[in-house]
Amino acid sequence: MISVFLPSQLDQYTDGLRKVQLSLAADQPPCLQDVITALDQQFPGVAFRLIDEQQRIRRHIAIFVGENLVRDLAAPLDGNDRIQIVGALSGG
Amino acid sequence: METAIRVLLGTRKGAWLLDGRAGQNNWQLSDPVHLGSKVYHVVGDPRNPGLVLLAEGGGHLGPSLFRSTDAGMTFDEVEHPPQFVRAEDESGRSVDHVFWLTPGHSDQPETWYAGTSPQGLFRSRDGGINWEEVTGLNDHPDFFEWRGSDKDGTPDGPKLHSVIVDHSDPMHLLVGMSGGGIFESRDEGASWTPLNKGVAMDFYPPKEDGSEYLFGHDPHCMVMHPLDANRLYHQNHCGIYRLDRDKGDRWERIGDNMPREVGDIGFPIVTHPRNVDTAWVFPMDGSGLWPRTSPDGRPAVYRTIDGGRSWERQDRGFPATQAWMTVKRQCMTTDTGDPLGIYLGNSSGQLWGSFDEGESWQILAANLPEIFSVETLPA
């Protein structure tokens, strides 16, 4: 089970939910993109606010797997990860 | 009883609606819409009463568009907001924010256009729900030469703005790019040509062969008169211009007729909907370090009633001194009243209104975030 912690910036999509648990299909090892896809199915529209049309994580969004900052959506997961999406500190 | 007016305000920290009547003092400000989001443009649809589109983005989250069918009371996110096609390599562009929204021609009631930062032109054929690139412009082989590098854009990103759909011909489109210049299409966006002859480009050295630059300019705001599709005005980084398109393709710098001590630098320009020769600008200081605040701290609009041959100062109601206002390109608009109402929002969060065609001004709302756009909801 993957735990995803959500930032307040997504409240308009999540109705204030701060944590979701995802159980991804297991035919192959999951990656971060699979998490984004699953989130978008649950909260339609959220993916494009986090990931641009060139499949890059947006400049002011940070995604941590465990304590590691990850910028690559192909980053592999082990299926029991703690993922935190953060509205990155970007001034003031 | 005067007609009810709804002003749509986009700001650095959200959107607001402001309701009132001409000449009234107690205008009613709504609760904030999408508080905390940068809202670049909120535009009503003159063809579909109650339809309003709202462009936000550029903060933590990526951009999106929201759609209201109840005149701005509630908004839902559209299904497919403007986004560039995904590239196979690292060259792909991504939309930072939708900067400009324009309803299409009256014969195409479901068509909208959007201009983005970085520069891109997008079109919707279903009332703003789904968007796709206007590839005739975005993929034009000269596009990147026209627009230059990101350094040639505005400080918060290069922008495509002033999307104009000719009210007499839906095939005829015009856009402004900062930087890049003005470009024109006669085939609904399939092909484009520069339309910048006569426009100064003081921020580049003169061409050694003595010719003029055909692109690379910095138009700030362009308008087509609603009664005469041939009459164009534009406020440029380098002056105020007029073009009578049926008489040629060379802009005339009507800003040369402004008082020298005021100059002809600014962002917005608006026209009188019932008089092709009447227009207003809000001059700002383009000297020295380009503060782009009211010259000498004395805000005023300037009106021409003769197509730019002369200008008159209108400042009654504005502070007489120490008022350093900045008014951005989407922050000045009119209603359709008689006499005409004019509205301008500044970067200090004040919304000013005039209900006597610019003769006198009053504050309608204050203490808002930096105002990005001001539009009136079509009746």
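The following legends describe close-up views of a predicted model.

Local features are described at pLDDT of at least 70 and side-chain atom pairs count only at pLDDT 80 or more, whereas totals for chains, interfaces and linings use all residues. Residues are numbered from 1 along each chain as its sequence is written, and chains are lettered from A, with ligands numbered from 1, in the order in which they are written.

**View 1. Overall form of chain A.** Chain A contains three helices and five strands, where helices (H or I, at least four residues) and strands (E, at least two) are DSSP runs numbered from the N terminus. Along the sequence, these elements follow the pattern β-α-β-α-α-β-β-β. The C-alpha atoms of chain A fill a box of roughly 45 × 25 × 25 Å along the principal axes. The radius of gyration of chain A, 12 Å, agrees with the value near 12 Å for a compact globule of 92 residues; it is taken over C-alpha atoms, and the globule rule is 2.2 Å times the number of residues to the power 0.38. Buried residues make up 26% of the 92 residues in chain A; a residue is buried if 20 or more other C-beta atoms, placed from the backbone, lie within 10 Å of its own.

**View 2. The contact between chain A and chain B.** The contact takes 15 residues from chain A and 13 residues from chain B, two residues being in contact if their C-beta atoms, placed from the backbone, lie within 7 Å. Helix α3 (residues 46-50) of chain A gives the largest share of the chain A side, three residues.

**View 3. The nonpolar cores.** A nonpolar core is a set of buried Ala, Val, Leu, Ile, Met, Phe, Trp, Tyr and Cys residues joined through C-beta atoms within 7 Å. The largest such core has 94 residues, of which B:L9, B:L54, B:L344, B:L351 and B:V374 touch the most other members. A second, separate core of 18 residues includes A:F48, A:L50, A:L77 and A:I83. In soluble globular proteins, nonpolar side chains tend to be buried together.

**View 4. The surroundings of B:S162.** B:S162 lies in strand β12 (residues 159-165) of chain B. B:S162 is buried, because 26 other C-beta atoms lie within 10 Å. Leaving aside residues up to four places away in sequence, B:S162 touches B:W100, B:V175, B:G176, B:P219, B:C221 and B:M222. The C-alpha atoms of B:S162 and B:P319 are separated by 30 Å, and the two residues are 157 residues apart along the chain.

Terms used. A residue is buried if 20 or more other C-beta atoms lie within 10 Å of its own, exposed if 12 or fewer, and partly exposed in between; C-beta atoms are placed from the backbone.
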